[in-house]
Amino acid sequence: MEQFDLDLRSIQEARDLARKGAAAAKQMAGYTSEQIDRILKSMVEAAREHAACLGKMAVEETGFGKALDKAYKNHAASVLLYEDIKDMKTVGIISEDPEKKILEVAAPAGLIMGIVPSTNPTSTVIYKSMIAIKAGNAIVFSPHPSAAKCTLKAAEVMREAAIKAGAPEGIIGCVSMPTMAATNELMHCKEVALIIATGGPGMVKAAYSAGKPAIGVGAGNSPAYIERSADVKAAVDAIMASKTFDNGTICASEQSIICETCNRQQVVDELKRQGAYFMTREETEKVCRLLFKNGHAMNAKFVGRTPDVIAQAAGISIPMGTRVLIGEQDGVGEGYPLSYEKLTTVLAFYTVEDWKQACELSMQLLQNGIGHTMSLHTQNEDIVRKFAVKPASRILVNTGGSMGGTGISTGLNVAFTLGCGTCGGSSVSENVSPLNLINVKKVAYGLKNCATLLQDDKSFCHPDLGRTAAPTAECCAQRPLDFSPADIVASFERRQGCPSCGAAVQESSIDTPEQLKNASQGFTDDAHLAELVRNLIASMNH
């Protein structure tokens, strides 16, 4: 029997999965919201049962992060996510406007392709499966080669639970032989309607270049500003909890701390008290040479690693119990590698004089992760509003970046795909939810008579309709006022006689019909004009 090469076999597998997924998507399009909810509940229960073992598998296979934290991410991607999306209307008529007589009707996208990163290989599968099915779609996954086993297992758990509750075969698929050829095949095959790309910049760019709708996210580089009014202990609590959560593998995690001269010592003391180690400049340089290669591209060997692993590899000595390594920086960009994204337990540290300098520095740092996330610790609401204009899609206040950005500790949608907006090269700026995976059709009833539309529209002026445009307020303002309101009334009543007795009334400076026309331009009825002005004069006399 002829043995085909791996890339050819993986391409064939991708095609088979796409065909099965497309067939399942067609069936799902006819499911009711009650049927979909039944499937989601089954998936949530399966994810709950397998959260711990999937977390352990992910750490064992990739070496990234912590098993306990990955288990909680699996929990968030299922239990917490379900509570967040269960009441979303994603099937049939989702809204109705009785006044405008418009119905909005949801239609599923079809087959979704999910690209899975090695940093969150199981929680991403659970999350994307949940939001895809909530929107009435099927989904097929392309795993990262270094996390293929745990990604495939997570997909199997989700698929079995979905089918058990009534979902069609092929509802959730996953490539078992991950290759670039297979990923490319899925991105370009006609069966895939939409791509959700979570991964490195190259993969996201490829997804956007596939010639079909795609949702991709950029790199994060979140600065955390501890403003002078902040509760320093609470701020450091949040930052440390966030940065050490799964060893910093979430892209919304803090990458730099900014404090002010006036609270610097307090911030430094609190960080040290909570297990942060401030490296010397020499130690910082050693760690940077270890963490980065080819400029500021991070070395995958040290993604999601503990300070002990990083310090030992760098040849530096750190205190026992160190939770985070911190290096002070004097600038941003080339020559300052810690000013870039570091998905591990290392932070940059900056000191500024005031919020204005913090503002400028934040802007510089965000250019290396534009559109993603920023954290702000303050009790000053005015400062919050000043920083709300920064080029980040999530401005998190008094919370940790990892938990806040993903919606776990904030009111944002629970998500593990975080949009960066157009400034970050992303098609969305929000936390991706089922609402991003549906088409919204509109049913619109006629409100106007099409046959008499021009005649009925009193705002449309044209000589053929016997209407000419009245002067605008701007035109009237530019023309000098030659006559007083009293002149207009007097002229009208002199020519018509007193309305009550017919007797002649006082003279005015308006002697001719042409003068009256000029004075009353914009009114189509002289009597109407006179009555309006008479009432005005009477009210002024009172």
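Aromatic pairs, to start. How many does a search of the whole structure find? The search finds 3. Rings of Phe, Tyr and Trp (its six-membered ring) pair if their centres lie within 6.5 Å; planes under 30 degrees apart are stacked, over 60 edge-to-face, the rest tilted.

Take Phe278 and Phe349. Their ring centres are 5.2 Å apart and their planes stand at 80 degrees, so this pair is edge-to-face. The pair links distant parts of the chain, 71 residues apart. Phe278 is in strand S10 (276-278), Phe349 in strand S14 (346-352). Strands are DSSP runs of E, at least two residues; helices are runs of H or I, at least four; both are numbered from the N terminus.

Buried or exposed? Phe278 has 15% relative accessibility, so it counts as buried. Phe349, at 0%, counts as buried. Buried means under 20% relative accessible area, exposed over 50%, partly exposed in between, with a 1.4 Å probe and protein chains only.

A word on the source. This is a predicted model: local features need pLDDT of at least 70, side-chain atom pairs 80 or more, while totals for chains, interfaces and linings use all residues. Residues are numbered from 1 along each chain as its sequence is written, and side-chain values use heavy atoms, leaving out hydrogens and water.

Now charges over rings. That needs NZ of Lys or CZ of Arg within 6 Å of the ring centre and within 35 degrees of the ring normal. Lys386 has its charged end over the ring of Trp355, 5.1 Å from the centre. Lys390 does this over Phe387, at 4.8 Å.

Last, helix H1. Its buried residues include Ser10, Leu17 and Met28.
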